[in-house]
Amino acid sequence: MIELKDVQKNFGSLEVLKGVSLMVQKGEVLSVIGGSGSGKSTMLMCINGLEPIQGGQILVNGTDVHARGTDLNKLRQRIGIVFQQWNAFPHLTVLENVMLAPRKVLGKSKREAEEIAVKQLTHVGLGEKLKVYPSKLSGGQQQRMAIARALAMSPDYMLFDEVTSALDPQLVGEVLDTLKMLSEEGMTMILVTHEIRFARDVSDRVAFFHQGLIHEIGKPEQVIGNPQKPETIEFLKSVL
Amino acid sequence: MFETSLTWNDTIFLLQGAGTTLTITFWAVLGGTILGMLFGLIRATSPWWVNAPIGFVLDILRSVPLLIQFVLANSFKSILKLQVSAFTVGCVVLALYTAAYCAEIVRGGILAVPPTTRRAARSLGMTYTQDLTNIVFPMALRVALPSWIGLTLGVMKDTALVLWIGIVELLRASQVIVTRIQEPLFVLSIAGLIYFLMSFPIARLGARLEKRWREND
């Protein structure tokens, strides 16, 4: 379970999160929607400790992420994250990209790591591209590789930070299909996205972020289908 | 008909000079690269109060003409009565000079690795050190290599300046022969050719590595 309690985050004098509370249960898919700069992506960074917080608490599997003495490297093994920019390691082949963390972080043997990597890459439809370097892949393929790379650590949670925003429109579908497949397999996911229709299809719950706060949260039929707050209505009108 | 007084012994003498040039280059580039990687890493990853003094010293090494550095170091050696050869002084000075340039090359290479890529590595649970060794260094190497090859070739030619502290390397050897047989054009052409033959393989090696890496990027 991921639990946020009154989380506050500033960049200098800029308040990005102004007291966000949230709970994500095992097996749940939560989509986070909202305008640019509303703090959605920052929240994901805070959940796996890539960004420090200034107030509140974040618990992952009961561990306080930002407490002194928390082994973040260990914690991050439980939380996969995929970014808007896919961040391939350009000097490694697709297979090596996915093998690297299982080998170095989990201490798997080369054979074990390769087995895991081949399995995950096949899973996301890149089984034919193992020996290829990332530069030879399309954006959609690189993003799917990034997903496989995170999955190879067999995380409990997957965080997706606008993973389709940097893609050409015709490549968005293949990545969304991969996300859909993961949700159907019961992966616990937090999905920061601008794909409202997709969010409605796959999510158990949707949270609407506005100016560092969650304004509405609930079933997609409610938040997207029948929003109550004026900010939510305004936002949905502008994107749909 | 072309005639020359250049004897077989003179040729051997030139080649010995070339050997000295190569030896000094080797030690200078080896020492300079090791130190340069260390300083470059510190420069790229440390807070300003570590960075500033190191940067200042490296700036001095880079801005004072090498010739002056050789002569000063050699004089200090005599004043301090250090029991080291001029050859060692030459190697050390040139190594420090190389290190100062190499540090900037390494620093540039490390800073060229996108922070987002490093963030992705850390998000997979890699430690700071694992990120450096598996992601940052290999990526930085590809950025830094062309400049490093250029530096090595430059250092090889800069070794000529050690003749000022009494070391007979390739250029000094050719001067000695020119003085005796009075055929400057011919002898200097040969010396130039030898410099070229020593540099060319290094340049080729660099170009080959670059090409191989570019095919993947």
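1. A:Pro102 is part of helix 3 (residues 94-104) of chain A; helices here are DSSP runs of H or I with at least four residues, numbered from the N terminus. The model is predicted: local features need pLDDT of at least 70 and side-chain atom pairs pLDDT 80 or more, while totals for chains, interfaces and linings use all residues. Residues are numbered from 1 along each chain as its sequence is written, and chains are lettered from A in the order in which they are written.

2. A:Pro102 counts as buried because 26 other C-beta atoms lie within 10 Å; the cut-off is 20 or more such atoms, with C-beta atoms placed from the backbone. Apart from neighbours within four places in sequence, A:Pro102 contacts A:Lys108, A:Ala113, A:Ile116, A:Ala152 and A:Met153, a contact being two C-beta atoms, placed from the backbone, within 7 Å. A:Gly56, 46 residues away in sequence, is 32 Å from A:Pro102, C-alpha to C-alpha.

3. The contact between the chains takes 20 residues from chain A and 18 residues from chain B. On the side of chain B, helix 5 (115-123) and helix 6 (128-158) are the elements that give two or more residues.

4. Helix 2 (residues 48-63) of chain B has 16 residues and should span 22 Å at 1.5 Å a residue, which agrees with the 21 Å between its end C-alpha atoms; the expected span is 1.5 Å times one less than the number of residues. Helix 2 of chain B is hardly covered, with one buried residue among its 16.

5. Helix 8 (residues 184-216) of chain B reaches 48 Å from its first C-alpha to its last.

Definitions and conventions: A residue is buried if 20 or more other C-beta atoms lie within 10 Å of its own, exposed if 12 or fewer, and partly exposed in between; C-beta atoms are placed from the backbone.
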